[in-house]
Amino acid sequence: MSNTDFAIAIEDLTVSFDGFKAIDGLNLYIDQNELRVIIGPNGAGKTTLLDLICGKTRATAGSIKFKNIELTKMAEFKRVRLGIGRKFQTPSIYENLTVFQNLEVSFPKGRSVMGALAFKCNDEVKARVQVVAEDIMLADRLDLEAGLLSHGQKQWLEIGMLLMQSPELLMLDEPIAGMSARERELTAELLQRICKGRSVIVIEHDMEFVKRIAHKVTVMHQGKILAEGPMAKVQADPNVIDVYLGH
Ligand code: ADP
Ligand code: MG
């Protein structure tokens with residue numbers, strides 16, 4: 001397989017913070033339309049890896065290719081334009097705007113709030129909002145002020161705001177933290193819906209959840225990959241049990 005076939009091809013990736021290697025010679029390949037889950041103990045480098053892919057942090061060495069385009073020296077906003085969307089752990093929605101408006105301002109043409117105010121809400125945007133609202137289970141909450149949503153619904157709205165940009169790679173850092181059992185179930189279904197036609201990387205700790213959604217699991221430890229493969233294989237790996245699952 002050539003690198004062109006992968007959504008993401010990462011080779012020899014390293015980042016040092018004052019000599020400490022948070023990511024240490026990491027290699028990772030993710031297929032198009034794959035939903036990959038990354039697990040591992042706190043401090044393993046999971047969030048830092050997403051920071052490197054989205055451009056929030058610069059690599060010290062190595063290569064990150066997205067559809068065979070080198071990203072390591074590219075500005076963060078250009079990576080967004082290329083189709084890379086990243087959700088952080090705390091939701092950043094506009095609490096005073098409605099669900100509809102939050103989605104509307106996230107449409108590429110009206111990305112800034114000022115731009116969105118001047119932007120005439122045309123049929124194309126409305127149609128896109130409707131599709132996304134259904135994906136994130138908020139189609140009957142479009143006129144509600146976002147601040148009034150439940151914690152889980154706020155998380156979904158932020159995923160929706162990313163979906164408005166039709167990303168080809170979507171990265172979610174601990175998306176079900178603080179969610180109820182029912183919201184977790186619905187989020188698993190949501191992720192299965194939205195990974196059609198794009199690649200998704202999810203960092204998560206909840207093993208029941210991971211089992212439900214993962215195509216493949218990557219286990220990170222000390223900035224490196226400890227194990228990788230289908231959930232059953234990874235769960236049975238003595239090294240993984242030792243550093244992570246056994247605790
Ligand atoms: P995880 O998400 O797997 O819990 P992180 O990627 O957040 O781990 O962190 C990996 C390691 O890198 C930790 O030891 C953390 O303290 C360190 N680290 C992360 N970002 C920075 C930074 N900007 N400066 C210094 N150290 C950092
Ligand atoms: Mg983290």
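User: Which residues lie nearest the centre of the largest pocket, and how many line it?
Analyst: Arg 86, Ser 92, Met 161, Leu 162 and Gln 165 lie nearest the centre, and 17 residues form the lining. A pocket here is an open set of points on a 1 Å grid over the protein atoms alone, where a 1.4 Å probe fits, with protein on both sides within 12 Å along at least five of seven lines; lining residues have an atom within 4 Å of a point. This is a predicted model, where local features need pLDDT of at least 70 and side-chain atom pairs pLDDT 80 or more, while totals for chains, interfaces and linings use all residues. Residues are numbered from 1 along each chain as its sequence is written, and side-chain values use heavy atoms, without hydrogens and water.

User: Which elements give two or more residues to that lining?
Analyst: Helix H2 (76-82), strand E6 (84-87) and helix H6 (151-163). Helices (H or I, at least four residues) and strands (E, at least two) are DSSP runs numbered from the N terminus.

User: What volume does the largest pocket have?
Analyst: About 430 Å³, taken as the space filled by probe spheres set on the grid points, which are joined across faces, edges and corners.

User: Switching to strand E8. Is it buried or exposed?
Analyst: All 5 of the 5 residues of E8 (199-203) are buried, so the strand is largely enclosed by the rest of the structure. Buried means under 20% relative accessible area, exposed over 50%, and partly exposed in between, with a 1.4 Å probe and protein chains only.

User: Which residues are on each side?
Analyst: Ser 199, Ile 201 and Ile 203 are on one side, with Val 200 and Val 202 on the other.

User: How many bridges join E7 to E8?
Analyst: Strand E7 (169-173) has 5 bridges to E8, and the two run parallel. Strands pair if DSSP finds at least two bridges between them. In this pairing, Leu 169 stands opposite Ser 199.

User: And E3?
Analyst: Strand E3 (35-39) is joined to E8 by 4 bridges, also in parallel. Ile 38 stands opposite Ile 203 there.

User: New topic: how many aromatic pairs are there?
Analyst: The count is 1, with rings of Phe, Tyr and Trp (its six-membered ring) pairing if their centres lie within 6.5 Å; planes under 30 degrees apart are stacked, over 60 edge-to-face and the rest tilted. Phe 6 and Tyr 29 form a tilted pair, 5.0 Å centre to centre with 45 degrees between the planes.

User: Where do the two residues lie?
Analyst: Phe 6 is in strand E1 (6-17) and Tyr 29 in strand E2 (20-31), so the pair ties together parts 23 residues apart in sequence.

Definitions and conventions:
Chains are lettered from A and ligands numbered from 1 in the order in which they are written.
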